[in-house]
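Please open the structure in your viewer and keep the selection tool at hand.

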Amino acid sequence: MLLSLHVKNLVLIDEAEVFFGPGLNILSGETGAGKSIIIGSVNLALGEKAAKSMIRKNADYALIELVFSVDQPHQIEALHALDVFPEEDTVIMSRKIMASGRSICKINSETVSAALMRKVASLLIDIHGQHEHQSLLAKKNHLKYLDAYAAEQLEDSLPALSSCYHTYVQAQKALEDASMDAEQQARELSFLQYEIKEIEEAGLRPGEDAELEAEYHRLSHAQKIMEACAEASELCTDGAENAADQISRAVRALGSAAAYDETVDGLSGQLQEIENLLNDFNRELSQYIQEFEFSDETFSQIEQRLDQINHLKSKYGKTIEIILEEKDKKERRAEQLEHLDEYRAELEKTAAAAKKQLDEISGRVSAIRKEQAVHLTGEITEALRALNFADVRFKMEFRELDHDTAKGRDDARFLISTNPGEEERPLDEIASGGELSRIMLAIKTVLAENDEIETLIFDEIDSGISGRTAQMVAEKIKLTASSHQIICITHLPQIAAMADQHFLIEKTSTDMETISRIRPLDKEESIKELARMLGGVSITQTVMNSAREMKELADSVR
């Protein structure tokens with residue numbers, strides 16, 4: 001469940017925090033008050049692309065933070081699979097958008113990618129806005145709705161279908177690559193043998209390049225190294241006033257007084273340790289200088305070897321390990337070409353087996369879909385009747401594609417008839433904007449009953465409807481809110497009256513700035529807001545009485 005939303009420096013909002021509750025959370029306000037900013041902020045927090053224009057004027061950044069409570073085992077398990085671990089059953093998702101255009105996404109204070117934000121969001125919240133009405137017209141989305149509904153029945157079959165499809169595609173591609181005449185075969189084999197020999201003769205050893213580069217770097221700075229070592233030796237042990245002699249005298253000086261004072265004795269001991277360390281250092285430095293060798297021949301050999309390795313890297317891979325992997329691949333390919341007929345026969349066998357399995361799984365998936373489509377369309381039909389489609393008929397039409405896909409061979413679409421005597425037709429041929437809103441609401445509410453996502457956001461899903469239909473939509477949303485947390489932006493008083501928690505979004509303007517704020521309403525304030533939604537500018541006592549009656553009727557629905 002979404003517990004709270006915190007927004008700072010976003011468009012018209014300087015800073016706002018909203019605490020949501022279970023059931024139906026209603027957000028209302030006058031046109032232009034900033035309702036869209038609230039949903040926009042949620043989308044931004046969940047990984048949507050951010051524009052610098054979203055940052056409030058004169059602000060350095062915008063911040064959006066969402067706090068979710070997570071206590072369902074299936075959600076916790078899914079989050080763990082993404083390496084996200086709720087802290088005290090809480091997940092905090094935040095996004096900071098900088099004026100520079102850069103943004104920082106965090107989950108429980110740990111920086112993450114926007115892609116991970118979207119994956120986590122898909123487990124916790126489902127946002128539905130007006131733009132999705134049009135997506136309902138796209139036939140490609142209809143099968144997605146069915147698969148979401150039948151997720152439990154298809155849980156094993158769809159992944160198996162996808163895996164089998166990719167196995168089949170790879171086998172087919174390998175067969176195409178193996179389709180060549182004798183001349184092509186000989187030419188490719190010859191080239192592979194040349195490349196394999198080139199890598200083999202180089203005698204590469206993993207890690208060799210790093211060792212050679214370090215030695216090359218050392219030898220190329222040999223003069224500077226020797227000059228530095230000589231200077232250090234002069235200062236530490238060879239010079240007239242070297243450090244070793246100076247410390248030795250200091251040790252003798254302190255030693256002469258150590259017997260008279262414990263503190264001086266302790267300091268004398270410390271200085272003796274320093275003297276011993278310096279002596280050890282001087283011996284090691286002297287040995288390093290004596291053993292350091294620079295050979296033009298050795299340096300030239302290292303340089304040539306690095307040139308050879310870098311040449312192979314430019315042809316076969318960025319590291320020696322990759323080059324050796326490429327050699328193994330080329331050897332396997334060469335062996336295939338040397339026994340091309342046997343290799344091709346094995347591929348044909350693999351492709352045939354994959355195709356047979358693909359047909360079997362596709363058929364099984366299709367049968368499940370057709371069976372579940374009857375249940376889905378039946379539930380949607382009932383939901384549509386509850387939304388004032390009295391004589392609606394809603395079904396799903398299936399056709400078979402002439403090719404395989406990772407999702408099977410089903411080509412499906414929704415058909416609807418809203419009037420008696422009319423045949424069912426595709427949605428894009430008959431549905432108006434208001435009808436699309438109700439159809440999408442019906443689908444969403446049916447899917448929600450089978451969905452494990454607890455929080456649903458409806459952004460003005462009630463567009464294009466009014467009157468009795470609006471009342472029926474309100475009752476449907478309220479029913480769905482009995483099993484889900486719903487956050488709904490609405491302009492309809494019938495829906496707002498059903499609120500368990502009602503929030504008002506309002507805009508205030510001065511000569512200096514315009515600010516949008518959001519605040520919770522108590523029961524009397526909610527009735528006043530309903531009156532505004534009913535009566536517009538002029539709110540009479542009659543309108544107030546109507547609003548109060550509407551609220552009381554809504555309370556009775558509970």
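Residues are numbered from 1 along each chain as its sequence is written, and side-chain values use heavy atoms, with hydrogens and water left out.

**Confidence**

Begin by colouring the model by pLDDT, the predictor's confidence in each residue, from 0 to 100. The protein averages 86, and 95% of the residues score at least 70. Helices (H or I, at least four residues) and strands (E, at least two) are DSSP runs, numbered from the N terminus. Where pLDDT is low, the predicted coordinates should not be read in detail.

**Helix H12**

Next, select residues 296-316, the 21 residues of H12; the helix reaches 30 Å from its first C-alpha to its last, close to the 30 Å expected at 1.5 Å a residue (the expected span is 1.5 Å times one less than the number of residues). Phe299, Ile302, Arg305, Leu306, Ile309, Leu312, Lys313 and Tyr316 are buried in H12 (buried means under 20% relative accessible area, exposed over 50%, partly exposed in between, with a 1.4 Å probe and protein chains only). These residues cover an arc of only 150 degrees around the axis, which puts them on the same side of H12; the arc is that of the directions from the helix axis to the C-beta atoms. On the other side, Asp296, Glu297, Gln304 and Ser314 are exposed.

**Helix H17**

Move to residues 467-480, where the 14 residues of H17 should span 20 Å; the end C-alpha atoms are 20 Å apart, which agrees. Buried residues of H17 include Thr469, Met472 and Ile477.

**The cavity**

Which residues line the largest cavity? Select Lys139, Glu397, Arg399, Asp411, Ala412 and Arg413. On a 1 Å grid over the protein atoms alone, a cavity is a set of points where a 1.4 Å probe fits but cannot get out, and a pocket is an open set with protein on both sides within 12 Å along at least five of seven lines; lining residues have an atom within 4 Å of a point. Strand E10 (410-417) supplies at least two lining residues, as does E9 (393-400).

**The pocket**

Finally, select Lys140, Leu143, Lys144, Asp147 and Lys407, which lie nearest the centre of the second largest pocket among its 16 lining residues. Helix H5 (139-149) and E10 each give two or more residues to this lining, and H5 gives the most, with 7.

How values were computed. This is a predicted model: local features need pLDDT of at least 70, side-chain atom pairs count only at pLDDT 80 or more; totals for chains, interfaces and linings use all residues.
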